[in-house]
Amino acid sequence: MIAKKRDGQRLTPEEIQFFIDSYMSGETADYQAAALLMAIYLRGMDDGETQALTLAMARSGQRVDLSDIPGVKVDKHSTGGVGDKTSIALIPLVASAGVPVAKMSGRGLGHTGGTIDKLESIPGFRTDLSVEQFKHNVRTVGAAIIGQTEELAPADKMLYALRDVTATIESVPLIASSIMSKKLAGGADKILLDVKWGEGAFMKRAEDAVQLAKTMVAVGNLSGVPTRAVVTDMNAPLGRTVGNSLEVMEAISVLKGQAPEDLSLLVRYLGSIMLTMAMEAVDLEAAGALIDRLIQSGKACETLERVIAAQGGRAECVNNPSLLPVAREQRTLLSDKAGWVSRVSPMCVGRTAMSLGAGRRKKGDNVDLSVGIVLLKKPGDAVERGEPLARIYGATPSATEDAMESLATAFFIQDEPPSLTPLIYQEVQ
Ligand code: URA
């Protein structure tokens with residue numbers, strides 16, 4: 001199989017199934033799996049091979065059965081970025097429209113954050129529910145969120161760890177099978193994917209993100225789970241906050257109608273698509289209007305309180321953000337010149353947040369939920385010399401000072417107003 005793929009040939013579904021089975025059992029060694037992954041990385045896979053790989057990985061563990069929960073369950077997944085807290089706002093928003101949400105999310109790795117880490121900054125919030133408890137909460141509260149379990153697509157867990165150390169992450173068939181195997185095992189009726197492109201994303205070029213989106217949509221649809229994708233911008237951090245508790249606060253501000261424009265727009269757009277996928281009689285415009293009403297009436301905020309309480313968290317934090325941890329050491333980064341902000345590097349902001357302790361360098365590292373960055377200027381904003389660009393929240397004076405230095409390199413300021421890349425690039429279905 002390694003030689004076949006090295007020479008650019010197609011693998012059969014039986015061969016792919018054998019690879020997953022034998023890797024799980026230990027019969028195929030890590031070095032052989034790594035060689036095959038590199039051959040796939042270099043030679044690619046067609047949609048049929050990618051689907052066979054996805055299904056073999058999905059079948060390596062349990063498939064959650066949500067069929068006894070009434071209603072169309074729509075799952076949403078982002079390929080990952082910096083400041084992407086949309087899921088935390090979307091879950092209660094969509095649930096408050098009466099659409100059940102059963103969401104499995106991941107932790108952050110590298111420069112990108114993860115929904116599970118962010119939610120754990122809410123005092124008491126548990127993300128390790130059993131599958132039974134998870135389903136119970138979806139049925140009674142309308143929404144629940146858990147971290148990946150050992151039983152769900154365990155082949156992905158093994159392969160992802162191997163890819164992480166063999167330079168084989170950024171491959172369309174490997175990312176598509178990794179994400180879609182978990183989504184299919186999660187048991188939702190329909191799937192919406194937010195595929196990020198840009199400097200802060202896995203896919204640096206929009207064309208590659210579109211290809212990834214098309215591949216994942218094809219795999220979902222071929223597997224009998226209607227799937228749609230939107231390709232969106234990750235050339236700047238989303239919203240103004242990066243760091244776990246700070247991002248939860250900003251997600252809550254979406255539900256209060258007080259969030260930055262890019263974040264509010266993306267939540268409204270993704271939420272509208274999720275509602276139209278679940279409620280066939282509703283069109284995009286009506287779904288958007290419904291979302292506005294759910295925010296204005298306070299219903300979405302109330303649903304978030306119920307979701308938090310049902311998972312053991314302190315629901316009062318929705319109206320009292322001071323209950324969330326915020327690091328004491330604070331510094332403000334000032335602009336050394338006047339002009340317009342043309343770029344805020346998501347990679348640099350993400351890495352600076354990670355160096356403050358908001359993320360992990362490797363699996364198993366501890367995360368400091370209280371540290372992070374608030375961007376006071378975003379691309380397109382005018383800035384005066386000496387005006388604040390960002391505020392840093394760190395655990396120690398020296399870490400905060402180091403972060404000031406590194407964050408200064410994230411901001412690019414020019415004399416003319418910049419032209420910016422659009423937030424929504426393309427829809428794929
Ligand atoms: N997220 C995943 O779950 N897998 C990948 O390969 C990339 C992003």
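**Close-up 1. Strand β4 beside strand β5.** In this predicted model, seven bridges join β4 to strand β5, which spans residues 227–233, and the two strands run parallel. One of the pairs that can be located here is Leu-192, whose bridge partner in β5 is Arg-228. Together with helix α10, which covers residues 206–222, β4 and β5 make a right-handed β-α-β unit.

**Close-up 2. Strand β4 beside strand β1.** Strand β1, made up of residues 74–78, pairs with β4 in the parallel sense, and five bridges are found between them. Within this pairing, Ser-78 stands opposite Asp-194 of β4. Strands of a sheet pair through backbone hydrogen bonds, and the pairing can be either parallel or antiparallel.

Close-up 3

**Close-up 4. A sheet with antiparallel pairing.** Three strands form an open sheet in the order β10-β8-β12, and their pairing is antiparallel. The edge strands are β10, at residues 382–383, and β12, at residues 411–414, each of which pairs on one side only. Strand β8, which holds residues 339–344, is joined to β12 by four bridges in the antiparallel sense, and the bridge partner of Trp-340 in β12 is Gln-414.

Definitions and conventions:
Residues numbered from 1 in each chain as written. Predicted model: local features only at pLDDT ≥ 70, side-chain atom pairs only at ≥ 80, totals over all residues. Heavy atoms only, no water. Pairing = 2+ DSSP bridges. Right-handed = clockwise from strand over helix to strand, strands pointing away.
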